[in-house]
Amino acid sequence: FVPLERSMRILGIDPGTIALGYGVIDDSPGIIGTTMVDYGVIFTPVRSPIWERLRFLYRRLEEVVEHYRPDVVAIEQPFVAKNARSAIAIGQAQAVAILATSNQGITVYEYTPTQVKQRVADHGTSSKEQIQEMVKLHLGLHTIPQPSDAADALAVALCHLSETHLTNRLAKQKEG
């Protein structure tokens, strides 16, 4: 009899000030593998001032963390190529997500959109649709999670899991 290692629970976050996606996965060594626990989107009141939306996000994320008790959090970094104003808003939501989770003692990892695409679909220029399809396949789901912010958050969680597995393999190679 070999005892199973403790599973790792990852909370993935796709930040936004109007819609913030979250996805929770568990990784258990052995037969079970990776499973989807839950996903969703926190929608903020659109016409509210930014400070109200950020406070709302902070409180809802605290509730998500308290409910799912993740071991780690993975957050997507903002993509700034086209619209600086939306990148700033996403950055504000990202900062709130970092605070809401790290204040509860959880380690936070950040990944660029290219890193997420590379780890989930093996190609850094994959389309949003390809990434969502890979999320469905990786988690053995019948349909792509909706809305897309939730699927994106699951992709961020899967990215962290892939990064963790790669880091562990490389560490074992150095040891052996």
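Trainee: Leaving aside its neighbours within four places in sequence, which residues is Asp-26 in contact with?

Mentor: In this predicted model, Asp-26 is in contact with Met-8, Arg-9, Gly-33, Thr-34, Thr-35 and Val-37, once the neighbours within four places in sequence are set aside. Asp-26 itself has its place in strand S2.

Trainee: Why is Asp-26 called buried?

Mentor: The relative accessible area of Asp-26 is 12%, and the term buried applies under 20%, so Asp-26 is classed as buried.

Trainee: What makes the approach of Asp-26 to the side chain of Arg-9 a polar contact?

Mentor: The side chains of Asp-26 and Arg-9 come to 2.7 Å, and the cut-off for a pair of N or O atoms is 3.5 Å, with one atom able to donate a hydrogen and the other to accept it. The pair is therefore counted as a polar contact.

Trainee: How do you know that S1 and S2 pair, and in which sense do they run?

Mentor: Pairing requires at least two bridges, and seven bridges join S1 to S2, which run antiparallel.

Trainee: Why are strand S3 and strand S5 said to stand at the edges?

Mentor: The open sheet has five strands in the order S3-S2-S1-S4-S5, and its pairing is mixed. Strand S3 (33-43) and strand S5 (107-111) each have a single partner strand, so one side of each is left without a neighbour in the sheet. From one strand to the next the twist averages 20 degrees.

Trainee: Which helix packs on the sheet, and what does it touch?

Mentor: Helix H3 (residues 113-121) does so, touching strand S4 (72-76) and S5, and the direction of H3 makes about 90 degrees with that of S5.

Trainee: Why does Ile-18 count as partly exposed?

Mentor: Ile-18 has 41% relative accessibility, whereas buried means under 20% and exposed means over 50%, so the value falls in between and Ile-18 counts as partly exposed. Its place is in the loop between strand S1 (8-14) and strand S2 (19-28). Not counting residues up to four places away in sequence, Ile-18 touches Ile-42, Phe-43, Thr-44, Val-46 and Arg-53. From C-alpha to C-alpha, Ile-18 and Leu-57 are 9.2 Å apart in space, while 39 residues separate them in sequence.

Trainee: What does Leu-57 meet, as part of the contact of H1 with H2?

Mentor: Leu-57 belongs to a set in H1, with Ile-50, Leu-54, Tyr-58, Leu-61, Glu-62 and Val-65, that meets Gln-92, Ala-93, Val-96, Ala-97, Leu-99, Ala-100 and Thr-101 in H2. The residues of this contact divide into 11 nonpolar, two polar and one charged. The axes of helix H1 (residues 50-68) and helix H2 (residues 84-102) come within 9 Å and cross at roughly 35 degrees, and the crossing is right-handed.

Trainee: At what angle do H4 and H5 cross, and what is the handedness of their crossing?

Mentor: The axes of H4 and H5 come within 9 Å and cross at roughly 65 degrees, and this crossing is left-handed. The residues of the contact of H4 with H5 divide into seven nonpolar, three polar and two charged.

Trainee: What is remarked on in the backbone at Pro-147 and at Arg-69?

Mentor: Most residues other than glycine have a negative phi, and most peptide bonds are trans. A cis peptide bond, with omega about -5 degrees, joins Gln-146 and Pro-147, and Pro-147 lies in the loop between helix H4 (128-139) and helix H5 (148-175). Arg-69, although not a glycine, has a positive phi of about 50 degrees, and lies in the loop between H1 and S4.

Trainee: Why does Arg-69 count as exposed?

Mentor: The relative accessibility of Arg-69 is 60%, and exposed means over 50%, so Arg-69 counts as exposed.

Note on methods:
Residues are numbered from 1 along each chain as its sequence is written. This is a predicted model: local features need pLDDT of at least 70, side-chain atom pairs count only at pLDDT 80 or more; totals for chains, interfaces and linings use all residues. Side-chain values use heavy atoms; hydrogens and water are left out. Axes are lines fitted to C-alpha atoms, for helices over the stretch in contact, and angles run from 0 to 180 degrees between N-to-C directions. Helices (H or I, at least four residues) and strands (E, at least two) are DSSP runs, numbered from the N terminus. A crossing is left-handed if the near helix is turned anticlockwise from the far one by less than a right angle, and right-handed if clockwise. Contact means heavy atoms within 4.5 Å. Ala, Val, Leu, Ile, Met, Phe, Trp, Tyr, Cys and Pro count as nonpolar, Asp, Glu, Lys and Arg as charged, and the others, Gly among them, as polar. Buried means under 20% relative accessible area, exposed over 50%, partly exposed in between (1.4 Å probe, protein chains only).
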